[in-house]
Amino acid sequence: MTAWVEGRVVRLRRWTNELYSLQMHADIGPFRAGQFTRLALEIDGGMVARPYSFVNGPDNPLLEFYFIRVADGPLTAQLIELKPGDPLFIAPRSAGFFVLDEVPAADVLWMLSTGTAIGPFLSILSTAQVWRQFRRSVLVHAVRYAPELTYRDEIDALLGAHPEQLQYIPFVSREQTGYAIQGRVTTAIENGMLESRAGLALDAGSSQVMICGNPDMVADTQQALEARGMKKNRRREPGQITTEQYWKT
Ligand SMILES: Cc1cc2nc3c(=O)[nH]c(=O)nc-3n(C[C@H](O)[C@H](O)[C@H](O)COP(=O)(O)OP(=O)(O)OC[C@H]3O[C@@H](n4cnc5c(N)ncnc54)[C@H](O)[C@@H]3O)c2cc1C
Ligand SMILES: NC(=O)c1ccc[n+]([C@@H]2O[C@H](COP(=O)([O-])OP(=O)(O)OC[C@H]3O[C@@H](n4cnc5c(N)ncnc54)[C@H](OP(=O)(O)O)[C@@H]3O)[C@@H](O)[C@H]2O)c1
């Protein structure tokens, strides 16, 4: 049985009809950038809990989570109704191995996300560790439609603070934008477009790749990288690919 910590909602930001960021205060233990916690609400007499990645950095006491309202999703249907001051339960301790301590140092860190999975990368990019561990970092955000390219102000601030080290490459698959790569990350790895846009090689000698989000994208991207001679990163056998899936197929 989890002993829940009762936190308080500070703000619910609505980006689109489906995408929201929730800020809250709660007295929880420390976490590492890239980790997740569990949020819970009492629904119909029982606790409904789901994992969510931190968007804020570990030093920021204003906790933030970025989520999509999924059709018929029991928890997200209630999360979008929250108002400032409302109670929200959170696990006292955080979990997960999608953290920089599990990723070997390399020349380039590629951070590949779909949808809400940009969250843990924003947390990672708020730390000093990422700039020490990698000479260059590439943040890829892959979405279906342009309005889903969220957190642009925060990303612009990071780009301004680290112009030599950070690149941001948006992908929009279902409409033309003129600035994002149109299509899927997998295709852009296979045809070399991702490398040419970044001006960096994506290979086992130079790169570490963290992939987060849609499980099909994670699996297919891993396959495309394995075709380039890259391997899953394991504690006993370090490789180049570190993954986290947000749901099961
Ligand atoms: C380690 C981990 C971290 C997670 N972090 C986040 C996060 O930061 N933000 C977030 O929105 N979700 C995150 N999730 C998913 C989250 O836990 C819930 O599944 C989701 O919010 C839906 O909850 P629900 O109760 O409304 O519906 P559920 O019954 O839990 O989910 C219903 C269906 O919704 C779809 N779905 C679930 N999550 C997403 C998503 N993020 N994007 C697109 N489709 C989705 C899947 O098809 C899933 O089967 C994470 C999951 C894991 C395992
Ligand atoms: N009904 C369905 O079949 C279905 C499938 C997936 C998700 N969903 C739901 O749709 C909602 C939206 O989720 P989301 O906004 O995070 O979008 P998403 O479906 O996860 O898509 C985000 C991006 O990932 C791409 N992508 C999807 N599968 C991929 C793969 N195998 N390889 C490479 N890239 C891939 C998408 O391209 P494309 O536009 O080309 O797909 C899109 O650019 C969620 O509620 C989810 O559960 C429904």
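**Figure 1. Polar contacts of ligand 2 in the predicted model.** A polar side-chain atom of Ser 173 is 2.6 Å from an oxygen atom of ligand 2. The model shown here and in the other views is a predicted one. The side chain of Arg 184 also approaches the ligand, with one of its N or O atoms 2.8 Å from an oxygen atom of ligand 2. Val 143 takes part through its backbone, where a polar atom is 3.1 Å from an oxygen atom of ligand 2. On its own, ligand 2 has 880 Å² of accessible area, and the protein covers 68% of this.

**Figure 2. The shell around ligand 2.** Ligand 2 sits in the largest pocket. Two elements give two or more residues to the shell around ligand 2, namely strand 8 (134-143) and helix 7 (215-226). Which element supplies the largest share of the shell around ligand 2? That share comes from helix 7 and amounts to three residues. There are 16 residues around ligand 2, and those that come nearest are Arg 144, Ser 173, Arg 174, Arg 184 and Asp 220. By residue class, the shell around ligand 2 holds six nonpolar, five polar and five charged residues.

**Figure 3. Polar contacts of ligand 1.** The side chain of Tyr 52 places a polar atom 2.6 Å from an oxygen atom of ligand 1. A polar backbone atom of Ile 68 is 3.2 Å from an oxygen atom of ligand 1, and for a polar backbone atom of Gly 73 the corresponding distance to an oxygen atom of ligand 1 is 3.3 Å. Of the 870 Å² of accessible area that ligand 1 has on its own, the protein covers 77%.

**Figure 4. The shell around ligand 1.** Ligand 1 sits in the largest pocket. It is surrounded by 18 residues, of which Arg 50, Pro 51, Tyr 52, Tyr 66 and Thr 76 are the closest. At least two residues of the shell around ligand 1 come from each of strand 4 (46-53), strand 5 (63-68), helix 1 (74-79) and strand 12 (241-245). How many residues does strand 4 give to this shell? Strand 4 gives four, the largest share. The shell around ligand 1 is made up of 11 nonpolar, five polar and two charged residues.

Figure 5. Asp 72 is not a glycine, yet its phi is positive, at about 60 degrees. Its place is the loop between strand 5 and helix 1. Asp 72 counts as exposed because its relative accessibility is 81%, with over 50% as the cut-off for that class. Tyr 151 likewise has a positive phi of about 60 degrees and is not a glycine. Tyr 151 belongs to the loop between strand 8 and helix 4. Is Tyr 151 buried or exposed? The relative accessible area of Tyr 151 is 2%, so Tyr 151 is buried, the limit for this class being under 20%.

**Figure 6. Glu 164 in the loop between helix 4 and strand 9.** Glu 164 is found in the loop that joins helix 4 (152-161) to strand 9 (166-172). With a relative accessibility of 65%, Glu 164 counts as exposed.

Figure 7. His 25 is in strand 2 (residues 19-25). A relative accessible area of 43% makes His 25 partly exposed. Between the C-alpha atoms of His 25 and Val 10 the separation is 6.8 Å, and the two residues are 15 residues apart along the chain. Ser 207 is in strand 11 (residues 207-213). Ser 207 is buried, because its relative accessible area is 1%. From Ser 207 to Phe 134 the distance is 9.2 Å, C-alpha to C-alpha, while in sequence they are 73 residues apart.

Notes. Residues numbered from 1 in each chain as written. Chains lettered and ligands numbered in written order. Predicted model: local features only at pLDDT ≥ 70, side-chain atom pairs only at ≥ 80, totals over all residues. Heavy atoms only, no water. Near = heavy atom within 4 Å. Polar contact = N/O pair within 3.5 Å; in protein donor to acceptor, adjacent residues only side chain to side chain. Areas by Shrake-Rupley, 256 points an atom, 1.4 Å probe, with all protein chains shown as cover. 1 Å grid on protein atoms, 1.4 Å probe; cavity = no way out; pocket = protein on both sides within 12 Å on 5 of 7 lines; lining within 4 Å. Sits in = over half its atoms within 2 Å of the grid points. Nonpolar A, V, L, I, M, F, W, Y, C, P; charged D, E, K, R; others polar. Buried < 20%, exposed > 50% of the residue type's maximum accessible area, 1.4 Å probe, protein only.
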